[in-house]
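Open the model in your viewer and keep the sequence panel beside it. We will go one selection at a time.

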Amino acid sequence: MKTAVPCYYHLDVEVSQERVGQVGRILAAHLRYWDLDNLVDPVCRGAELLLTAIDRHATDKHTSIEMWWNGQHLITAIGDDDRDLRPDQDLRSCLAHLAATSDGWGCCATETGSKIIWFSQRARSGERVPLVPTAPAPSLRRTLRVPRSVPVAQLAESADRVLEGAR
């Protein structure tokens with residue numbers, strides 16, 4: 001069941017070809033821990049594509065990976081410190097894949113000159129466990145008489161008494 005409790009995970013890694021698979025398994029373990037098994041494949045595939053591209057094209061291999069789960073969306077962000085790596089040229093095929101397989105994605109620069117590439121996956125409503133309705137429990141210990149079960153003449157008499165008491 002998808003919980004509405006916000007979750008956050010951060011990982012700093014020095015990217016290498018051997019580490020790409022390890023990072024994918026680490027991310028998959030956290031997603032399973034958060035009960036997001038259905039998001040493991042698209043998130044790990046997107047992260048592994050970006051990490052592989054960073055490994056091939058970047059000179060500075062230091063990378064930060066963050067995941068946020070807010071109860072509806074999982075956002076995965078991968079930031080690198082290489083100022084020479086250009087998303088529009090070096091990462092074009094990865095970004096095209098992210099655009100095709102994710103619900104949203106983007107790229108932004110930081111104050112230090114590095115860049116962050118993020119993508120989001122939404123948990124579909126059909127994948128949630130349905131809530132089971134519970135029967136309401138009575139809150140009163142004694143029952144009250146329904147006005148329709150009282151004869152009309154008796155209701156009129158009680159109304160007259162209330163009016164006389166108000167005068």
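This is a predicted model: local features need pLDDT of at least 70, side-chain atom pairs count only at pLDDT 80 or more; totals for chains, interfaces and linings use all residues.

Residues are numbered from 1 along each chain as its sequence is written, and side-chain values use heavy atoms, leaving out hydrogens and water.

Stop 1: Select residues 17-33. This is α1, with 17 residues. Helices are DSSP runs of H or I, at least four residues; strands are runs of E, at least two; both are numbered from the N terminus. From first C-alpha to last, α1 reaches 25 Å, close to the 24 Å expected at 1.5 Å a residue. That expected span is 1.5 Å times one less than the number of residues.

**Stop 2: its two sides.** Colour V20, V23, G24, L27, A28 and L31: they are buried in α1. They share one side of α1 because they cover an arc of only 135° around the axis, taken from the directions from the axis to the C-beta atoms. Now pick E18, R25 and Y33, exposed on the other side. Buried means under 20% relative accessible area, exposed over 50%, partly exposed in between (1.4 Å probe, protein chains only).

**Stop 3: just after α1.** Click D35. Its phi is positive, about 60°.

**Stop 4: the packing partners.** Show β1 (7-14), α2 (40-57), β2 (62-69) and β3 (73-80). The buried residues of α1 pack against these elements.

**Stop 5: L74.** Beyond its neighbours within four places in sequence, L74 has contacts (heavy atoms within 4.5 Å) that include L31, W34, M67 and F119.
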